[in-house]
Amino acid sequence: MLYVKAPAKINLTLDVLYKRPDNYHEIEMIMTTVDLADRIGLKATESGIHIESADRFVPNDSRNLAYQAAQLLKDTFNIKSGVIISLDKQIPVAAGLAGGSSDAAATLKGLNQLWQLNLSLDELAELGAKIGSDVSFCVYGGTALAKGRGEIIEHLPAPPHCWVVLAKPTIGVSTADVYGAFKPAKAEHPDTGKMIEALEQGDYQAMCDHLGNALESVTLEMHPEVAQIKEQMKKFGADAVLMSGSGPTVFGLVQQEARIPRIYNGLRGFCGEVYVVRLIGERETLA
Ligand SMILES: C[C@](O)(CO)[C@H](O)COP(=O)(O)OP(=O)(O)OC[C@H]1O[C@@H](n2ccc(N)nc2=O)[C@H](O)[C@@H]1O
Ligand SMILES: Nc1ncnc2c1ncn2[C@@H]1O[C@H](COP(=O)(O)OP(=O)(O)OP(=O)(O)O)[C@@H](O)[C@H]1O
């Protein structure tokens with residue numbers, strides 16, 4: 001059995017520029033990986049693709065993005081052998097943390113090794129874009145500016161070290177619904193350039209000051225509990241707070257470890273799933 005780690009991401013920024021003729025939105029966003037990860041087990045078989053997962057919210061058929069990753073490699077490289085993919089899910093599902101996309105990216109990297117395809121990370125990222133907009137970023141991990149519909153990646157320096165508190169209310173959010181309800185006239189645009197500067201200078205305070213997500217107000221309007229979690233996290237002492245991706249997970253950045261218990265305990269009484277993790281921010285190598 002070959003094991004590959006599939007880390008979650010958070011969005012430090014997410015800007016929506018306009019809707020494209022192909023119905024996707026042109027975006028500009030800065031993502032970074034955190035050390036909350038699924039563990040993907042890959043076992044070679046004679047034929048077929050089988051998904052195993054104990055999580056009842058995770059599809060075990062071709063709707064699973066890890067399944068789609070294996071199918072794409074089989075079709076593209078005419079591979080006859082099969083694979084059993086075991087998904088040990090630690091990343092909450094439909095949370096805005098790219099769980100499914102990261103599983104797909106880890107499957108691409110793992111099968112590259114298992115099936116001896118010798119593809120580069122760039123080639124795997126290009127294939128990943130066919131599965132979903134976030135998969136290319138997840139192939140590299142680390143910290144990056146993503147453009148286009150999310151698949152054009154420019155690497156950035158890792159953010160300054162800090163803790164990240166993740167809080168996910170017990171609702172799932174559909175990314176397509178959130179983009180569908182996005183109103184350009186109402187949008188608040190983050191300053192992507194200032195965030196890049198903050199990362200280049202390793203300036204924690206500037207990173208906190210320039211967090212921003214143009215989809216946040218859309219999800220907040222659909223789910224007022226997300227706004228409440230944001231308020232609570234600020235009140236309990238996080239340095240800066242933002243919704244990740246299309247939500248509903250809210251993350252708080254915290255530099256002083258001593259502040260964590262108050263934030264964690266305060267949110268636990270209020271919100272289903274709370275995690276305390278670190279930013280990874282450094283790029284992955286091949287599996
Ligand atoms: C919200 C984010 O997670 C931020 O990282 C991504 O932008 C979404 O990435 P994803 O889940 O991999 O998205 P996909 O599976 O490619 O697309 C799901 C749906 O979201 C909408 N979508 C997605 C990406 C994009 N740039 N514009 C869009 O309008 C489309 O309706 C699409 O059908
Ligand atoms: N490997 C997978 N893990 C979790 N969900 C998956 C997987 N493959 C497909 N899905 C489906 O995708 C939906 C979205 O789940 P996912 O956890 O990827 O969302 P997300 O974190 O919001 O992703 P993103 O941030 O990329 O939009 C789920 O409701 C589930 O039906």
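# A tour from the ligands to the domains

Start with ligand 2 and the residues around it: domain 1 (2-155) and domain 2 (163-278) each give at least three residues to this shell. The domain bounds come from an automatic or database domain assignment. This is a predicted model, in which local features need pLDDT of at least 70 and side-chain atom pairs count only at pLDDT 80 or more, while totals for chains, interfaces and linings use all residues. Residues are numbered from 1 along each chain as its sequence is written, and chains are lettered from A and ligands numbered from 1 in the order in which they are written.

**Ligand 2**

Keep ligand 2 selected and show its shell of 22 residues, of which Ala98, Gly99, Gly100, Asp103 and Asp134 come nearest. A residue belongs here if its C-beta atom, placed from the backbone, lies within 6 Å of the molecule. Helices α1 (65-77) and α2 (99-114) are the elements that give two or more residues to this shell. The most comes from α2, with four residues. Helices (H or I, at least four residues) and strands (E, at least two) are DSSP runs, numbered from the N terminus. Coloured by class, the shell around ligand 2 has ten nonpolar, nine polar and three charged residues. In this scheme Ala, Val, Leu, Ile, Met, Phe, Trp, Tyr, Cys and Pro count as nonpolar, Asp, Glu, Lys and Arg as charged, and the others, Gly among them, as polar.

Next select Lys9 and Asp134, which the UniProt annotation "active site" (unreviewed entry) covers. The two span 126 residues in sequence, yet no two of their C-alpha atoms are more than 9.5 Å apart, so they gather at one spot. UniProt positions are given in the numbering used here, feature names are shortened, and annotations may be inferred rather than shown by experiment.

Centre on Asp134, in the loop between α3 (121-128) and α4 (135-140). Is Asp134 buried or exposed? Asp134 is buried, with 28 other C-beta atoms within 10 Å. The term buried means that 20 or more other C-beta atoms lie within 10 Å of the residue's own, exposed means 12 or fewer, and partly exposed is in between, with C-beta atoms placed from the backbone. Neighbours within four places in sequence aside, Asp134 is in contact with Ala98, Ser101 and Gly150. Contact here requires that the C-beta atoms of two residues, placed from the backbone, lie within 7 Å.

Move to Lys9, in strand β1 (residues 2-19). Lys9 is buried too, with 29 other C-beta atoms within 10 Å. Which residues does Lys9 touch, not counting those up to four places away in sequence? They are Met31, Thr32, Thr33, Leu97, Ala98, Phe137 and Cys138.

**Ligand 1**

Now select ligand 1, which 18 residues surround; the closest are Gly132, Ser133, Arg149, Tyr179 and Gly245. At least two residues of this shell come from each of β1, β2 (25-45) and α5 (175-181). Seven of the residues are nonpolar, nine polar and two charged. Domain 1 and domain 2 each supply at least three residues of the shell around ligand 1.

**Between the domains**

Colour domain 1 (2-155) and domain 2 (163-278) separately. Their C-alpha centres lie 23 Å apart. Across the boundary, 23 residues of domain 1 are in contact with 33 residues of domain 2. On the side of domain 1 that touches domain 2, β1, β2 and β5 (143-147) each supply at least two residues. The largest share of that side, eight residues, comes from β1. Its classes are 15 nonpolar, five polar and three charged residues.

**A recorded domain and a helix**

Select residues 64-142, where UniProt places the feature "domain: GHMP kinase N-terminal" (unreviewed entry). Over this stretch the chain is 54% helix and 9% strand, and the end C-alpha atoms are 24 Å apart.

Then go to Asp209 in helix α7 (residues 204-209). With 15 C-beta neighbours inside 10 Å, Asp209 counts as partly exposed. The C-alpha atoms of Asp209 and Lys194 are separated by 9.3 Å, and the two residues are 15 residues apart along the chain.

**The whole chain**

Finally, zoom out to the whole chain, with ten helices and eleven strands. Its C-alpha trace spans about 55 × 40 × 35 Å along the principal axes. Of its 287 residues, 48% count as buried. Among contacts with a separation of 6 or more, 73% are between residues 24 or more positions apart.
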